[in-house]
Amino acid sequence: MKKVFSRPQSLKQTPFHYCPGCGHSIIHRLVTELIDEMDLRGKAICVPPAGCAVLAYNYFDIDVCESAHGRGCAIATGIKRALPDRFVFTYQGDGDMAAIGTAETIHAANRGERITSIFVNNAVYGMTGGQMAPTTMIGQKTTTSPFGRRSVVEGYPLKITELVAQLDGAAYVVRTSLATPAKVIATKKALRKAFEVQLEGLGYSLVEVLSPCPTNWKVSPVEALRYLEERMEKEYPPGVLKDVTKAAQKKEG
Amino acid sequence: MLHFHGFPRRVPKKDMAAKGKIIIDQSLCKSCELCVTVCPEQAIRIAETFNTKGYHPAEFVVELCRGCGLCATMCPEVAIEVYRG
């Protein structure tokens, strides 16, 4: 029989430290598969966040430059400007990108930096024990909002992907989900397009991936996928929010 | 609290010959059961034995697989290799 699926070459043999059913490791696999398929292994540089994915350098067999909490886009800007022929992407969680790193993210997008950001949104601070994040949904229980998030006290969920989509520097902004195998495959397509946008030099590309966090949502991994599909996708509807490549094609046609 | 018992399943066609197979690296498995849930042929189950991490790993039921690869698409630990042919 022919082998049709195996571990990507750019993914090291190290076992993941993530909890059972975590979405991070699925996204790690998709990214490394794309690096293999697009032959970027020699020129890709990843900027991981502070958060659950802080140990991404243990798994990606490419160059990695760790960033201070939230400063991924700023560091990626520096790397990309110093080495414009490299492929630079940041891998950030919601606490990293939407809380402490909001300014860096918005301004990197507004400057139209030729970098790609992968924004893993699981609506809690995962690494520190499930505290409320800016992306936590109204009514969602976390360790710092034990009765559910209330808009009067804690405000509303921050939709940073929509904010970035309004900026002129952003070229491709998309939100995807990991709830079913079909959506995982769609996520890979979105990541591929975001990578191509950077390689063509069109501008900033952002892929928000809605990801399950069974441990901090206090559900089983299978129930977490259902929660993702029924609850999170209502609050954060997946879809393409901005795509200048399509607009460019229309203008030419 | 949510109660979820898996995605809709088709009835397994047990009379058909197996068209594919998977190899599960049980030492990596963390028993999240996502592969069991997405398998359309119910060709994966959770073993009663333990692996070195202390989880009950997924195990493969040979007859039913058709090599669709949905289990490998969802496996967070990249523990599954898929063969087809």
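**Helices on a sheet**

Modeller: Helix 2 of chain A lies across strand 2, strand 4 and strand 5 of chain A, at about 175 degrees to strand 4. Helix 7 of chain A packs on the sheet too, touching strand 4, strand 5, strand 8 (170-177) and strand 9 of chain A. The model is predicted: local features need pLDDT of at least 70, side-chain atom pairs need 80 or more, and totals for chains, interfaces and linings use all residues. Residues count from 1 along each chain as its sequence is written, with chains lettered from A and ligands numbered from 1 in the order written.

Biologist: What makes helix 1 and helix 7 of chain A oblique to each other?

Modeller: Their packing angle is about 45 degrees, with axes 10 Å apart. Angles under 35 count as roughly parallel, over 145 as roughly antiparallel, 65 to 115 as roughly perpendicular and the rest as oblique, so this pair is oblique.

Biologist: Which residues of helix 1 of chain A meet helix 7 of chain A?

Modeller: Ile26(A), Leu30(A), Val31(A), Glu33(A) and Leu34(A) do, and their partners in helix 7 include Leu191(A) and Phe195(A). Contact requires C-beta atoms, placed from the backbone, within 7 Å.

Biologist: Which residues of helix 2 of chain A are called buried?

Modeller: Gly72(A), Cys73(A), Ile75(A), Ala76(A), Thr77(A) and Lys80(A) are buried (20 or more other C-beta atoms within 10 Å; exposed is 12 or fewer, partly exposed in between). Helix 3 (94-100) and helix 4 (102-110) of chain A are among the elements they pack against.

Biologist: Why are strand 3 and strand 10 of chain A at the edges?

Modeller: The seven strands form an open sheet in the order 3-2-4-5-9-8-10. Strand 3 (63-64) and strand 10 (239-243) of chain A each have a single partner strand, so one side of each lacks a neighbour in the sheet. Pairing takes at least two DSSP bridges; strand 5 and strand 9 of chain A have six and run parallel.

Methods: Axes are lines fitted to C-alpha atoms, for helices over the stretch in contact, and angles run from 0 to 180 degrees between N-to-C directions. Helices (H or I, at least four residues) and strands (E, at least two) are DSSP runs, numbered from the N terminus. Two residues are in contact if their C-beta atoms, placed from the backbone, lie within 7 Å.
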